[in-house]
Amino acid sequence: MKIPRTLLLTTLPLLAAVPPARDGGALARFSGSPAPQLALWPSGTSAGAIETALLHAAPTIRPAALRAALSAWGALYYRGEISRPLLTVIDYGLPSTVRRMWVFDLASRRLLFHELVAHGRNSGENLAHSFSNEEGSLMTSLGAFVSGSTYNGKNGYSLHLRGMEPGLNDRAEARTIVVHGAPYVCEEFAHRQGRLGRSFGCPAVRPEIARALIDEVKDRTLLYAWHPSIENAEAPAGLAHTVAILGLLDALSHRSS
């Protein structure tokens with residue numbers, strides 16, 4: 001399935017020295033000059049080293065999913081949209097019966113959570129294949145989301161998400177797409193049904209870990225929902241697909257060594 005997307009994300013380096021813009025207006029752009037490391041990264045750390053370390057910490061994550069998520073993290077950090085070096089990645093190309101959510105601490109390069117996560121009722125059975133930004137679709141949305149505040153709702157302790165990509169996921173708040181715990185997200189349910197239970201589009205997790213996970217990633221961190229089909233989307237003229245930043249990672253890695 002080919003997904004049209006209009007991206008807010010631009011071609012930005014993951015590890016540049018430009019401070020984040022807090023007004024959200026001006027974008028920090030890659031100038032092509034050597035870039036010192038950010039203060040939040042250990043001295044001498046390169047983008048390539050971070051990616052390698054994360055792949056080692058999470059050997060079942062697909063490199064394409066991780067790279068797309070790291071690209072989005074870099075772009076949104078420099079826009080001032082996110083404030084901490086935490087990254088949540090969901091690979092919706094994997095079956096719901098396997099653990100396809102990873103939460104990383106980028107600064108320490110540690111894996112904090114590796115969890116089951118549900119997809120939307122109308123996105124598919126065990127495999128998700130259909131995605132939507134439309135209210136009432138009961139489908140999962142892909143792309144970059146920034147976490148917000150927590151609240152107690154009909155699904156218990158929950159986390160607001162703000163979709164950052166127009167046409168792809170920017171109706172998330174109107175659709176009440178949130179992180180929450182759900183009893184149908186568990187290995188027992190998956191064993192009985194051959195899939196997890198499905199949400200109305202929310203990335204629902206196991207109730208036992210919902211509060212701890214939500215408290216870890218709340219307040220302006222990145223959640224990136226990936227699927228192989230997103231790699232084939234066409235970006236409109238004048239805007240850059242997040243994957244365009246990937247060519248900069250190796251260059252930055254060599255320049256900072």
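Me: Hi! How many nonpolar, polar and charged residues are in the lining of the largest cavity?

Reply: Hello! This is a predicted model, and in it the lining of that cavity has eight nonpolar residues, three polar ones and no charged ones.

Me: Which residues are they?

Reply: The lining is made by Ile 90, Tyr 92, Thr 140, Ser 141, Phe 145, Leu 161, Ile 177, Gly 201, Pro 203, Leu 223 and Ala 225.

Me: And how much space lies in there?

Reply: About 60 Å³. A search of the whole structure for cavities of 30 Å³ or more turns up one.

Me: OK, let me step back. How many helices and strands does the protein chain have?

Reply: Five helices and seven strands. Starting at the N terminus, the order is α-α-β-β-β-β-β-β-α-α-β-α.

Me: What share of the residues is buried?

Reply: Of the 257 residues in the protein chain, 53% are buried. As for the accessible surface, the protein chain has about 10700 Å², and carbon and sulfur atoms account for 53% of that area.

Me: What about contacts along the sequence, how far apart are the partners?

Reply: Take the contacts between residues at least 6 apart in sequence: 67% of them join residues at least 24 apart.

Me: Now the inside. Which residues touch the most other members of the largest nonpolar core?

Reply: Those are Leu 87, Phe 104, Leu 213, Leu 222 and Tyr 224, in a core of 55 residues. Helix α2, residues 63-78, gives the largest share of this core, with ten residues. Apart from that core lies another one of seven residues, including Ala 118, Val 185, Leu 196 and Ala 204.

Me: Which residues is Ser 123 in contact with?

Reply: Setting aside neighbours within four places in sequence, the contacts of Ser 123 are Ala 128, His 129, Ser 130, Phe 131, Leu 138, Met 139 and Thr 140. As for Ser 137, it is 14 residues from Ser 123 in sequence, and their C-alpha atoms are 8.9 Å apart.

Me: Last topic, backbone angles. What is phi of Thr 176?

Reply: Phi of Thr 176 is near 55°, a positive value in a residue other than glycine. Thr 176 is in the loop between β5 (156-163) and β6 (178-180), and is partly exposed at a relative accessible area of 44%.

Me: What about phi of Asp 219?

Reply: Asp 219 is not a glycine, but its phi is positive, about 65°. The loop between α4 (207-217) and β7 (222-226) holds Asp 219, which counts as partly exposed with 41% relative accessibility.

Definitions and conventions
Residues are numbered from 1 along each chain as its sequence is written. This is a predicted model: local features need pLDDT of at least 70, side-chain atom pairs count only at pLDDT 80 or more; totals for chains, interfaces and linings use all residues. Side-chain values use heavy atoms; hydrogens and water are left out. Helices (H or I, at least four residues) and strands (E, at least two) are DSSP runs, numbered from the N terminus. Buried means under 20% relative accessible area, exposed over 50%, partly exposed in between (1.4 Å probe, protein chains only). Contact means heavy atoms within 4.5 Å. Accessible areas come from the Shrake-Rupley method with a 1.4 Å probe; for residues, only the protein chains shown count as cover. A nonpolar core is a set of buried Ala, Val, Leu, Ile, Met, Phe, Trp, Tyr and Cys residues joined through side-chain atoms within 4.5 Å. On a 1 Å grid over the protein atoms alone, a cavity is a set of points where a 1.4 Å probe fits but cannot get out, and a pocket is an open set with protein on both sides within 12 Å along at least five of seven lines; lining residues have an atom within 4 Å of a point. Grid points are joined across faces, edges and corners, and a volume is the space filled by probe spheres set on the points. Ala, Val, Leu, Ile, Met, Phe, Trp, Tyr, Cys and Pro count as nonpolar, Asp, Glu, Lys and Arg as charged, and the others, Gly among them, as polar.
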